[in-house]
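Hi,

Here is the structure I promised to pass on to you.

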Amino acid sequence: MNPDLYSIRLRAERSGRHLCGAERIAPEADLPALAATLVARAMTHAGGSAEAAHCTIEKLMGPVARCRLPAVTTWEVADAATGRAAACRLLLAAGVCAAAAESTLARLAEGPAPGGLVMRGAMLVDAASGARLEADPARGVRVSRMDLAPESREQVLAELAAAGLNHHRVAEALVLAGKVLQAPGVIAELCWSDDPEYLSGYVADPRQGYQRITRLKDAGDAKGGRAIFVDTRSWDRSACVTFLERQPLLFDRPGQIRQRQTWQG
Ligand code: AMP
């Protein structure tokens, strides 16, 4: 019989601002070590060590669905400007209108929270107009309660590493994107990190999967964020946000991993 599973989440602050967050799902026996790992990450963050950290542990009731991670494509780009142009093209191909893609790229570049700050969660963006739909523009929507399945975690990480995808951020972002792409009404996601040293990011959509772009910003740039694009024509906001924030989901196998390609523009 599978052991009971728990959601463990950590969010850390510094100077009264969001510093970082982390999400895992694990059996009870793994929780103490995992809590220590997450706390260590918050205390050694590139943005400075956390001044406050909040850890939440919650037992998940009932069985948790397992599914496959999205397919991965890596686009090699020469610089951040080419990366952003590539991201724009991939968003258009996913069905996002040009105005929405361009305005959202500009918002991530400026800092999408009020005052040009980084958000704690993701923007929700109307793919047909670019309008922002999240209730709180500083918090956004926090995608939560997802992870690699504990019983296949090592195997999946080994398969990703064998394909050159061995940065822990890639696995975490793949899991997050995998959940986002299953939310009702979502047609695409755009992300680049606020970590000044982590320069790659991605566009994800249900048809193409996770399209990694090797450079979406320059070193030293501490702006970044996430945008989830929705088709509002038959969109149920509450169903979408509840799925993203509350529905537990585990990934137990990798998707197709495609050959690395150079973006030709
Ligand atoms: P990261 O990739 O962890 O550097 O995060 C980049 C940005 O994505 C953060 O600044 C947040 O705005 C957003 N973000 C991080 N974690 C989540 C999450 N679990 N759900 C939604 N947005 C997130």
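Below is what turned up around the ligand and in one of the sheets.

First, some ground rules: this is a predicted model, where local features need pLDDT of at least 70 and side-chain atom pairs count only at pLDDT 80 or more, while totals for chains, interfaces and linings use all residues. Residues are numbered from 1 along each chain as its sequence is written, and side-chain values use heavy atoms, with hydrogens and water left out.

The ligand has 15 residues around it, with Met119, Gly121, Val143, Ser193 and Asp194 coming nearest (near means a heavy atom within 4 Å). As for polar contacts (pairs of N or O atoms within 3.5 Å), a polar side-chain atom of Asp194 is 2.5 Å from a ligand oxygen, and one of Arg226 is 3.1 Å from a ligand oxygen. A polar backbone atom of Val143 sits 2.7 Å from a ligand nitrogen. The protein buries 87% of the 480 Å² that the ligand exposes when taken alone (Shrake-Rupley method, 1.4 Å probe).

Now the sheet: three strands form an open sheet in the order E2-E1-E3, with antiparallel pairing (strands are DSSP runs of at least two residues, and two of them pair if DSSP finds at least two bridges between them). Strand E2 (17–27) and strand E3 (52–59) are at the edges with a single partner strand each, so one side of each has no neighbour in the sheet. Strand E1 (residues 5–14) pairs with E3 over eight bridges, and Arg11 is opposite His54 in E3.

Best wishes

Key:
Polar contact = N/O pair within 3.5 Å; in protein donor to acceptor, adjacent residues only side chain to side chain. Helix = DSSP H or I, 4+ residues; strand = E, 2+ residues; numbered from the N terminus.
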